[in-house]
Every structure is written in C-alpha cells, then in structure tokens.
Amino acid sequence: MSSRSELCQRLREGLAANDKKAVLQVVVGPDFHNPAEFNGASLLSEAENLASRFRTPERGVVLLLLPHSAELFLLQLGLVLTGRIPGVLAWPTSRVDPEKYQRNLVHQLGNLPVGLLVTLPRLAGNLERALPYPVAGLAIENGSSFDEIFPTAEVSERLEKYHMSPGESHPSDDALFLQFSGGTTGAQKAIVVTAPMLTAQFDSLGRALQFGEKECVASWLPLYHDMGLIACYWMPLWRGASSIQIGANDWVMNPELLLRYVDRGKATFCWLPNFAFSYLSQRRELMQGSYRLDTVRAWINCSEPVRARSVTEFARAFEDWGVRKESVQASYAMAETVFAITQSRLDRELLSVPRAAVQRGKQNSSSLAFDVIDDVYVSSGRMLADTEVKIVGQDGSVCREACAGEIYVRTASLFSGYWGAQGFQEHSLKDGWHATGDYGFLVNADLYVIGRFKDILIVGGNNIFPEDVEAVVNTVEGVYPGRVAAFGVEDKDYGTQSLAIVAETKVDQNEEDSSRIESTIRKLVLTNIGIAPRYVAVVPQRWIVKSTAGKISRRENRDRFLKEELAAGG
Amino acid sequence: MRPDLEAIRNAARAAASELTGKSIKDSQKLVSSGLIDSLAVLKLISLLERKLNIVIRPEMLQPEDFDDVALIVETIERVGKSVK
C-alpha cells in the first residue's frame, strides 16, 4: 500500500469512528449564528459524495475556484480521499474587474497540467471554452451573489500554447494536494504536497504543540493559504480534533466574529498573521460582546515578521478576557515546507533580541525589500524536529550567531521544486537545502526573521509580487514604460506593509494630468491585482533611481520615496 | 442622541480627507477607485465612530458600503448606533 493510500485510509477510519463530535464548523453569512456543522462520519460521507460527482482520472489535478463555503471544505477533502489532487485557488475580492480577472485567470492557469477546474456555474460557463481542460460548475448555498459579479459572456481569451498529454497530469504517486505560491497575475507556482511530506509536518508540529484530539482551532484563514489549509484544517482533521472556519472577508469587516467563536467553541489554538494582532487590539474598545478567551493555549503569530508592538498590544488589550502573555506564540512557515519550520515554546513568553545586538552585513541589508523597524527582533521559535536551518552570508559562508543572512532550510517536509507542465523545477534546491529568500539570524537556537531579500511585499499576510503591480502600471497611458517601481511601506498601525507605487511620466505633466494618471493607476491596480495601493506618486522624468547596470532598485526608490514624497505629504 | 444627516455628511467628508490626505469631493469613489484599501476602510470606520460618537456594527457590511460620501451617510443611517 502506498503512503498516500495509507494516509487516506487512516484519515477515513479516524473520521468514520468520530460520529459524535463536530469536527468541522463552517460559518457562512448571512446567518453567522448557525454554522454548517459536520461530525467525523458526516464529513467523510458528504465529502466523498460531493467529490464523486466530478469524474476525473485517478491522480488527476482538480483546481477549486470557489468562495468560502462548506462545499469548498468538503470538496478539498473529498477529492483527496477519492484519489484526486485538488488545488485551491484564491477567490477574487469583490473589487476586481470581473472581465479582466477572467482573462488573467486563463493565462495564470495555462502552465498547469490540470484535469478539471471546478467553480461557480456562471464562471464555469464563461471559462469552459477558454481553457484546454474541462470546467465544471458547482452551485453552492448562498453562492449566487458571488457568481453574479461575473458577466454572462464567454471569455474571448484562448490559450494558444498548451502542451499536455494525458499522462503528464500526475505530479507523483504520493501527491495529495497542491498549494500555490504565485503572483496575482503571473503564472501560478504549484507546490505538490505528498503524503510523506504531510505526515512529517504533522509529526513534528504536532509534537511541538502537543496537539491532541481535544484541540479546537478557530480560523478565518482561507484554504488557499498554507496557514489556513494545513494548520487550521488538515492538522485538526488528522489529529481527530476540530476546527471552526470563518470567511476572511467576513472577519475583516467583523473581527469580533473570531472571538465569539473562540468563546463558543472553547478554541485552544488560533493562528493569525501579525497585522491581525494589531487589528484586533485596535477594535477591542468597540467590540459589542464580552468573551472568554482563556481556553486558547496558543495564539500563533505567523506569515509576517513578528512585531513586538503587535503582540504586546494584543496581550494587553485582551488580558481581561483571559489572554495570557505566555499564550502569544510565533512560528516561521512557508508552503514550500508544507507549513511550519519553527515554533516557539508553549507557555513561555516570546524571546527578543535588541536590534543593536545584531550584526548585519551592509550588502545584505541594502538589498532587502523591507525589514522590521522595531527596537527589538522577536523570536519565531526553535526548529521543529528533523528540521535544519542555516544562515548564509553574501559570500556563501555560514553566519555565526546574531549575524544576519539568508535563511536556508532542510526538512523532511520540504518540496521537490515548483511543479508545472515541465515537471519539477529543482533549481531552488541545493544539496537538499532551500534558499528561502528571507533574511534573519539565530540566537541560542531560536530563529529571528527580519524581512525578505526577494522584493515580495506582505500585505495583511498576503504575498504581493511587485513585478505584477509594475506590469499593470506600465500599461497606463502617460506612464513611461519600464520606469515604475512598486514596493512596501511599513503600516505601523496594523503591523504590516502597504503598497506604494512610483511611476515616471513620459513628458512633464501638469497637475491635472498627474491626477488623472494617479487615478488610472489606482483603479487598474485594484481591478487587476485586487489590492488598493496606499500611495501612488506620479513623478517627473529621471526621478526613478537605476543602478549602473540599468536595473531599477526597489529598495533605493523606496528610500527616496520615503525621504522626498512621503515626508512632503505626497 | 443620534447625529443628524448633515453632521454625518460632514464627518464622512472630514474622515475621508483625513485618511487620504486629500480634499474629497462627495462623488469621489473611495474603495472602487483604489483610493483606499480594506484596512483603510477599517480606519475610516474608526474615524467615523470617534467623530460621531457612534458604534458601527460591521456585520454584513462590505468595504463598498463606504465607497463615497452618500454611501457612508446611508450606511451610518442604517447601522450606526449612538454610544450611550
């Protein structure tokens, strides 16, 4: 029996035997008080029934493009259990342009050998002739308002170059599902999670958290995010525990919903990106109810660098509802290793190191897209079992303690390279080590994450690729193509980053022209990328800083923007 | 006491201007134009609550409910509650 079959068999048996406890609750509007509830046995049967409605070859990849719903959770699980390989795609926000979104989607999904795409009926109808593989519609409860944002017209885009023979759509015999680590408009980079990778992750993370069947995870994190899929959905399923799932959009507008369900479900774990700690603290005074939060063993800060201020404010703001300082924890994680690499020690306050005590190479820090600007760096905890981390300097040598460099990781749950039509791309792996692109240091075996080498921004826990933003801005009439820089600017209020864009104009523009260009940039970025830039600066020719090699340095342009434009109130 | 319509309108203009650092016309779209993002909508809600001494219950609201001055006024009329 393959490790995949063994994993599915064990999961199936565990769920079937668990016919008393609600293992999954999915909170969906408009009735936020009565979630869809499943015990182990009903989850198993409904998940397999739903998945069996979609006929695809064994081990075929099935992409799921659905809004937050019970059906999405059922189908993701059911497809795994019935031998398929699901991958959950991000559902668009209501602010993207539906037609452009559909056209982008066709190109985004073009490099993946896929057997089937499942989405809402109207979108399925629009896409079915544009994609070179079958598209199926699935009507979900209360889903019509999501589907109606799309026009009733076929997408005119067609994929011209798509090479896939039927045998190519199988990533590996042990593959369970896909996670994506891709840009908003660029091609999706798929990470294949296999049964050995997943069990290695659950073994090491489960041990670090002493995660047993009595745990309950309360989450608003979507299934297309590794934190939502692995920590908040699959880990409780695997351990016979339970989870409560709230929609991300519903939580953003009503953060109190999470605390209500922590209280109601006596939740014991809650993973959140850093900004959510700040955001919840700031909403504390305006919350309507009063909640008991002392059941939570760990509020785990993950997916953005940990800010001391965010975690301190959170512990203080909710102390009277039972949040203990020692319950605020941290983890460093990424989809490439299934999920967690480190975990802080439970029931101990997070460690920190003064910023001044850390040695940072000049060349290293000058190429950083951003870094934490607090006085102290907060630990993300120690490596999980069977996980190695090393810090590598610019010259390729391993750094000593408290000396910052690029974080490399080697673990049993590490991926085999990004996967696509050409198979696995192994170039990012060297001797089993993955260069993460993150910048940090080690002290007493604790890992501290400072920021990123790669220019990726993290806005509210979501990765935004500046290349995607710049490609969109370059199409704006009046903007000098190729002379655009997108980068992150610290949002101190929420402990995250905001998107900033600087765009040069072709000719000297008057105020009215600049204002028109700025409006067009804002609108285009929002409708194409799905995120509104906080700052847009339309600047005259020769403003953008380029290196002697003619390359735009986002870091240097960011520094100039902060000094000249933002300081001047631009 | 619940603020009157004019007070809400003035607060909406002031909050939107404060947040964007620009003078905001009543017809200016804030969210759908990309002028403010989701997190800024929450800052906008906080500003409105402080200026009007009200509580806005965001349950069932979407960022688009704050897309321009008229919509902000309508939304507050619908869901804003005075702080006792």
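A note before you zoom in: residues are numbered from 1 along each chain as its sequence is written, while chains are lettered from A and ligands numbered from 1 in the order in which they are written. Because the model is predicted, local features need pLDDT of at least 70 and side-chain atom pairs count only at pLDDT 80 or more, whereas totals for chains, interfaces and linings use all residues.

**View 1. An open sheet of three strands in chain A, in the order 28-29-30.** Its pairing is mixed (two strands pair if DSSP finds at least two bridges between them; strands are DSSP runs of E, at least two residues, and helices runs of H or I, at least four, numbered from the N terminus). Strand 28 (479-491) and strand 30 (535-539) of chain A are the edges, each pairing on one side only. From one strand to the next, the twist averages 20 degrees (axes are lines fitted to C-alpha atoms, for helices over the stretch in contact, and angles run from 0 to 180 degrees between N-to-C directions). Strands 28 and 29 (residues 496-505) of chain A run antiparallel and are joined by nine bridges. Look for Gly488(A), whose bridge partner in strand 29 of chain A is Leu499(A). Helix 14 (residues 466-473) of chain A packs on the sheet, touching strands 28 and 29 of chain A (contact: C-beta atoms, placed from the backbone, within 7 Å). Helix 16 (residues 554-566) of chain A also packs on the sheet, and its direction makes about 75 degrees with that of strand 28 of chain A.

**View 2. Helix 10 (residues 256-265) of chain A is largely enclosed by the rest of the structure, because seven of its 10 residues are buried.** A buried residue has 20 or more other C-beta atoms within 10 Å of its own, with C-beta atoms placed from the backbone. Among the buried ones are Leu257(A), Arg260(A) and Asp263(A). Their cover includes strand 1 (22-27) and helix 9 (248-253) of chain A. Just after helix 10 of chain A, Lys266(A) takes a positive phi of about 50 degrees.

**View 3. Where chain B touches chain A.** The contact takes 19 residues from chain B and 22 residues from chain A. On the chain B side, helix 2 (residues 38-52) of chain B gives the largest share, three residues.

**View 4. Domain 1 (11-170) and domain 3 (457-566) of chain A.** Domain bounds come from an automatic or database domain assignment. The C-alpha centres of these two domains lie 34 Å apart. Their contact takes seven residues from domain 1 of chain A and four residues from domain 3 of chain A.

Technical notes:
Two residues are in contact if their C-beta atoms, placed from the backbone, lie within 7 Å. A residue is buried if 20 or more other C-beta atoms lie within 10 Å of its own, exposed if 12 or fewer, and partly exposed in between; C-beta atoms are placed from the backbone.
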